[in-house]
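Good morning, and thank you for coming.

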Amino acid sequence: MLNFPQPDVEQFFQTYGIETFALSPDESQLVFSTNFNGKYNLWAMDLPNTFPYPLTFHNQSCQHLAYDPKGKFIVAVVDEDGDENGQVYAIPPQGGPLKPIRANQGSRHDFPFLSQDGQHLYYTSNKDDEMYMKGYCYDLASEDEEVIVHGEDAPTFLLDTSPEEKSFLYLKAFANTYSLAYVKRGDEDILLTPAKEPPHTVSEAVFVSENEIYLLTNYESDFSYLAKFDLDTNSFEKVLELDQEEFGKMKYDKSTKSLYIVSEKGVADHLYNYKIADGSLKELEAPVSVIDQIILADSGNLYLQGDSATVPANLYQLNDQVWKSLTNYGVPGVKNEELIAPEYVTYTSFDDLSIEALLYRPKPEKDNGHVILWPHGGPQAAERDSFRSLFLFLVHQGYSLFATNFRGSTGYGLEFMKKVERDWGGAPRLDNIAGLEWLIEQGYATRDKILLMGGSYGGYMALLLHGRHPEYFKAVVDIFGPCNLFSFIDSVPEHWKPAIDQFVGDPAEDKAKLEQDSPINHLEFMTKPMLVIQGANDPRVVKKESDQVVEALKGEGRDVEYIVLEDEGHGFSKKENEILVYRKVLEFFDQHIQ
């Protein structure tokens with residue numbers, strides 16, 4: 001009788017990822033960034049054949065892809081070891097070395113798109129203005145370049161051009177909860193919502209004709225809805241809204257003159273088709289719970305990238321109302337029944353605010369009785385019904401895991417999202433504590449068997465909870481979390497700084513609050529064993545943030561381990577690093593539950 005070992009960390013973390021994808025205009029080739037060799041490269045499939053083949057061997061992450069409308073080349077934005085300073089390259093459809101198109105080392109290039117004739121490359125960059133950025137048009141034939149939009153008052157991003165390239169859509173991002181969309185037409189800049197106040201957001205905007213624009217906004221509303229702006233009359237009109245649903249993504253289908261809209265409702269997404277002519281709305285059954293990207297072919301075929309709690313990111317095609325899976329990524333060596341989806345629960349916080357959370361529980365025969373609290377990153381983000389190798393692996397090893405969508409999380413309306421602004425360490429911290437108390441009251445956790453781990457803002461919250469509420473936790477893992485809000489504010493990327501007062505706080509006006517909410521000021525109570533992980537190239541939470549807290553804790557003689565990944569930024573782009581880190585996380589927790 002053959003006996004096989006139980007799945008190890010490699011099985012769960014050898015799942016492949018997909019960063020982004022693009023489609024040739026005739027739908028004969030689909031190009032995507034995936035990590036078949038443990039590092040991200042561009043691969044392609046010649047549809048309808050879905051066997052992939054490599055296009056590049058650059059071994060770096062790709063943030064954006066755009067296919068030439070004439071099918072002659074592909075544009076890719078690629079960074080270096082997680083530094084987020086993406087440069088613009090081109091490759092032919094058959095692949096080969098990356099050819100630099102717009103490169104300026106130390107600067108970032110974002111959101112490239114091409115004109116319908118493939119001659120003009122539009123993009124946004126901070127190469128001439130680190131703080132407010134600019135939108136550019138580069139002529140691929142003449143190599144001439146002009147600035148289309150000059151950033152002012154806030155980071156500014158070029159979104160779209162009208163069919164005749166006479167008008168340009170751009171976005172001013174004052175904060176995550178305040179962004180305004182404009183059209184630049186000649187010397188005129190036209191605001192697409194009726195007024196700048198009250199603060200609101202525009203998440204998407206698209207031309208459907210030379211003078212008609214559809215946009216997703218929450219102007220004078222708690223949740224985003226579909227609206228229309230007419231450039232002939234300069235008029236704004238609310239078109240469609242759904243109760244408690246946040247419209248977040250949108251694509252225009254020229255073939256049917258309709259819009260595909262993705263809405264966020266709590267932890268899951270919904271997909272709709274809206275017919276412009278008659279205003280009819282149809283919900284489509286999506287093959288996934290969370291939709292990351294949609295692309296519409298000229299034929300009207302819809303392509304989608306997304307994932308679910310127990311299924312990693314895959315690519316799908318909708319043709320004749322039937323979804324076809326173009327990739328088949330799963331967890332190698334692990335049976336489906338061993339992948340445990342979370343329960344979705346709600347609890348009441350200290351001030352009666354309702355909080356939604358994800359509760360993962362292992363099979364009874366594997367349960368070790370310990371619960372890991374996971375505050376998510378962002379903080380204006382959310383834990384969703386999406387695939388997390390880390391969660392599934394830890395649950396498979398016998399741990400329960402509790403992820404709260406504390407105030408500030410997305411998917412619950414603008415008012416809820418704003419509740420974390422200038423209050424990083426107050427009410428959101430107490431939301432997490434209320435969640436722990438709820439777990440204990442419900443019998444899901446005991447007070448002496450709770451662990452703590454988070455990344456980014458979640459790493460910050462892990463540090464703060466450790467310093468403010470150490471009695472709850474046996475051991476703590478911080479993954480690239482800020483420890484000092486003053487040094488964090490000072491070191492964030494320049495294009496973050498216009499929003500930082502609203503996002504985190506003003507160092508002068510909010511000095512006492514920021515001091516209270518900085519984990520570095522609560523070191524005396526950080527007595528539990530700690531593991532700290534940091535990417536050396538992280539541009540968002542720089543290495544000095546982790547250095548500070550590690551050096552201070554070691555100076556106090558505390559039990560702290562420190563891992564620095566020299567070829568990573570704000571995350572893990574390389575499989576060997578991800579496996580190394582999460583194997584260490586398991587060893588660390590296993591060691592401290594004994």
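In what order do the four strands of the open sheet stand? The order is β21-β22-β23-β24, and the pairing is antiparallel. Before I continue, please keep in mind that this is a predicted model.

At the edges of this sheet stand β21, residues 246-253, and β24, residues 281-284; each has a single partner strand, so one side of each is left without a neighbour in the sheet. On average, and with direction ignored, neighbouring strands of this sheet are turned by 25° against each other. Let us take one pair from it. Strand β22 covers residues 258-265 and is joined to β21 by seven bridges, the two running antiparallel. Within that pair, glutamate 246 has glutamate 264 of β22 as its bridge partner.

Let us now step back to the whole protein. It has ten helices and 36 strands. How does its radius of gyration stand against that of a compact globule? For 594 residues, such a globule would have a radius near 25 Å, and the protein has 24 Å, which agrees. Along the principal axes, the C-alpha atoms fill a box of roughly 70 × 65 × 45 Å. The accessible surface comes to about 23,400 Å², and carbon and sulfur atoms account for 47% of it. Buried residues make up 60% of the 594 residues. As for contacts between residues at least 6 apart in sequence, 53% of them join residues at least 24 apart.

The next topic is the interior. In soluble globular proteins, nonpolar side chains tend to be buried together. In this model, the largest nonpolar core has 92 residues, and Phe402 and Met453 have the most contacts inside it. Which residues does methionine 453 touch, if we do not count those up to four places away in sequence? They are Ile372, Leu373, Trp374, Pro375, Leu390, Leu394, Ala462, Val477, Ile479, Val585 and Phe589. Apart from this core lies another, of 16 residues, with Ala181, Val183, Ile213 and Tyr219 among them.

Strand β14, residues 167-175, pairs with β15 in the antiparallel sense over eight bridges, and serine 167 stands opposite arginine 185 of β15. These two strands form a hairpin, with two residues between them. β15 also pairs in the antiparallel sense with strand β16, residues 188-191, over four bridges. Here valine 183 has isoleucine 190 of β16 as its bridge partner. β15 and β16 likewise form a hairpin with two residues between them, and glycine 186 in the turn has a positive phi of about 65°.

Is glycine 458 buried or exposed? Its relative accessibility is 0%, so it counts as buried, the cut-off for that being under 20%. Glycine 458 and proline 375 are 83 residues apart in sequence, yet their C-alpha atoms are 4.8 Å apart in space. Neighbours within four places in sequence aside, glycine 458 is in contact with Pro375, His376 and Gly377. Pro375 is also among the residues that methionine 453 touches. Thank you for your attention.

Note on methods. Residues are numbered from 1 along each chain as its sequence is written. This is a predicted model: local features need pLDDT of at least 70, side-chain atom pairs count only at pLDDT 80 or more; totals for chains, interfaces and linings use all residues. Side-chain values use heavy atoms; hydrogens and water are left out. Two strands pair if DSSP finds at least two bridges between them. Axes are lines fitted to C-alpha atoms, for helices over the stretch in contact, and angles run from 0 to 180 degrees between N-to-C directions. The radius of gyration is taken over C-alpha atoms; the globule rule is 2.2 Å times the number of residues to the power 0.38. Buried means under 20% relative accessible area, exposed over 50%, partly exposed in between (1.4 Å probe, protein chains only). Contact means heavy atoms within 4.5 Å. Accessible areas come from the Shrake-Rupley method with a 1.4 Å probe; for residues, only the protein chains shown count as cover. A nonpolar core is a set of buried Ala, Val, Leu, Ile, Met, Phe, Trp, Tyr and Cys residues joined through side-chain atoms within 4.5 Å.
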